[in-house]
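I opened the model to look up how the second chain is built and how it sits against its partner. My notes follow in the order in which I checked things.

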Amino acid sequence: MSVELWTWIVVGLTFSLYIYIATRQRAKDTEGFYVAGHGVPAVANGMAVAADWMSAASFISMAGIIAFLGSDGSIYLMGWTGGYVLLALLLAPYLRKFGKYTVPDFVGDRYYSQTARVVALVAAIFVSFTYVAGQMRGVGIVFSRFLNLDIAVGVLVGMAIVTIYAVTGGMKGITWTQVAQYSVLIVAYLIPAVAIASKLTGMPIPQLGFGGVLDDLNAIQTDLGFGAYTDPFSSLSTLNVLLITVALMTGTAGLPHVIVRFYTTKTVRDARWSAGWALFFIAILYTTAPAVAAFAKTNLLDTVSNQSIDQVRAENSWFVSWEGTGLLAYEDLNGDGLINYEAGDGNELTVDRDIMVLANPEIAGLAAPITALVAAGGLAAALSTASGLLLVIGSSIGHDLYTKVLKRGTTEAQRLRAGRLAMGFGVLVAGYFGINPPGFVAEVVAFAFGLAAASFFPVIVFGIFWKKTTREGAIAGMAIGMIFTFVYIVMTAPGLMALDPWFFEISPQGIGTVGMIINAVVTYAVSKMTAEPPAEVQAMVDSLRIPEVASAYVEAGKV
Amino acid sequence: MDQAIADYWRRNIRLKVVLLTIWAVVSIVLSILMINVLNEASVGGFPLGFWMAQQGSIFVFVVLIFVYAKTMDRYDTELEATLQGSQGGEA
């Protein structure tokens, strides 16, 4: 059977599984729709967080990005995992204790202000939309590369499937689908990684084996003028590595679609444990990715560098098939028939970073069903993240805006319908941007993390750990932090105004760290100058800090 | 009861400070600021700084969260016991 047929079969099977799960776990009320009825066990929630978190970019592109960044690829590895420590210690248990549905819920209640709620819901919608468009695009790209469908058709298929399982299932359906999607994507990632590790090093565990190729890789890269793979700060300054890492960490901790997953556990204890499980499940992929990066880069350089193009094409069928997709492109500039892959103008081979993961099964000589599984894994990663983001969009519009700000939706059925309609609207907008991506797709990530770092993270941490943070302080801090970050990214991002980074040469990806510091300073200063929060708000903060059972005693003591 | 709750919160904060200090040392100090110093040493084929930045730091993060969850479970249980005891005494 051909790879394409296998891909149809495997993708069809996994999609049927997602729909089956969602129809079994259909949400019947708003609590089920927004927070899965607060009934998700810790380990299952950990898996769901991992799938929610790991997007098409983590699955398809990250290893390739690291392969080209070398040591500096650690910004993504540490940035996208270290944030979970902040989340587990500073946010998740307290937000679970708060017990409502959304991040704007917390901001609005804690800061006793509809303005704060509106600022938070605008930020949540903006961050989620920028992120979800990329996921829909990711679905389209997987369909086009593995099944030769038009990207637009792929996006439409993705929209249809998300509508079926996320809009009807709500958080309850999404949670259990994400558990299944995690299982699919991690198996799809590990099988080729183990195979290529065994092939290159004889050691099946990628994390251990990849030390063995680094000397070779450094030597080849230095020869070709790329610089040693393991040398730090070759593509970014030390300051930028630091600021980008911190921005990604705090942004991770402030992303609404990740935070709300911790509202779904049964207890505060479970919220803490599920953060640990989440990072455990994420770490399986995130410690494998840099190994895949080093293996794929070594293999690529070994195979192509200074070899005759005819021989490479004859001996490596994957080379020919990926040339067909445009991910590999060879142009014989000096007419010698050899592949000169090097730093500088003489380079004759253009390599798309995504090939590092997509071509792995063929490079490792694995059978067609494994290639099909990689396609299903990429789709699982994109769909699980998309559904989590769409839930945030649905809850921000259907719950925060419609119910809490506009005070509409008197019956449970009306509120549930509002949530579903809002999510359906989100699918349409996300699909539109997936088919017609704005010209700054790469900067979207900088936006989402920068804005989450500069808005939600400080405002929630202050709200929990400093009782005297006032409404005025929080609103001023969020607004100034977000505006500063937004303006700087628009001015400096390559796809937008593309000015030279004017602020200490800080890259747009790292500016969220500065925005966060500005937010914190403004929040503190303004809070000091304004009237203390009301007593009942301070009492609410006290109640967030103690376990459920202690709250029961406090309540009993009052009576 | 207020005293027990205040103590619980103080211990919680102290635990966070310890764990977040380890978090910052491992990620920011060892894996970024001092990466070149660590790279002088090598372990299993890896320059040490490179290994910390791409592998070791992630393992440490996972352990930190589980240590936090485990320790907080204990603090929760102890607080519960104290509250139960004090209430029993008053009744």
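Predicted model: local features only at pLDDT ≥ 70, side-chain atom pairs only at ≥ 80, totals over all residues.

Entry 1, chain B. I counted three helices and two strands in chain B; helices (H or I, at least four residues) and strands (E, at least two) are DSSP runs, numbered from the N terminus. Along the sequence, chain B reads α-α-β-β-α. Chain B comes out at 20 Å, well over the 12 Å that the rule gives for 91 residues, so it is more spread out than a compact globule. Along the principal axes, the C-alpha atoms of chain B fill a box of roughly 65 × 20 × 15 Å.

Residues are numbered from 1 along each chain as its sequence is written, and chains are lettered from A and ligands numbered from 1 in the order in which they are written. I noted an average pLDDT (the predictor's confidence in each residue, from 0 to 100) of 93 for chain B, with 95% of the residues at 70 or above. The predictor gives the complex an ipTM of 0.95 and a pTM of 0.94.

How many residues does each chain bring to the contact? I found 39 residues from chain B and 39 residues from chain A, where contact means C-beta atoms, placed from the backbone, within 7 Å. On the side of chain B that touches chain A, H1 (2-33), H2 (35-39), E2 (46-47) and H3 (48-90) each supply at least two residues. The largest share, 21 residues, comes from H3(B).

I looked for nonpolar cores, meaning sets of buried Ala, Val, Leu, Ile, Met, Phe, Trp, Tyr and Cys residues joined through C-beta atoms within 7 Å; buried means 20 or more other C-beta atoms within 10 Å of a residue's own. The largest core has 217 residues, of which Leu185(A), Leu390(A) and Ile65(B) touch the most other members. Not counting residues up to four places away in sequence, Ile65(B) touches Tyr84(A), Val85(A), Ala88(A), Ala275(A), Gly276(A) and Leu279(A). Another core, of seven residues, lies apart from the largest one and includes Ile546(A), Ala550(A), Tyr553(A) and Leu79(B).

Note on methods: Contact = placed C-beta atoms within 7 Å. Rg over C-alpha atoms; globule rule 2.2 N^0.38 Å. Buried ≥ 20, exposed ≤ 12 C-beta atoms within 10 Å, placed from the backbone.
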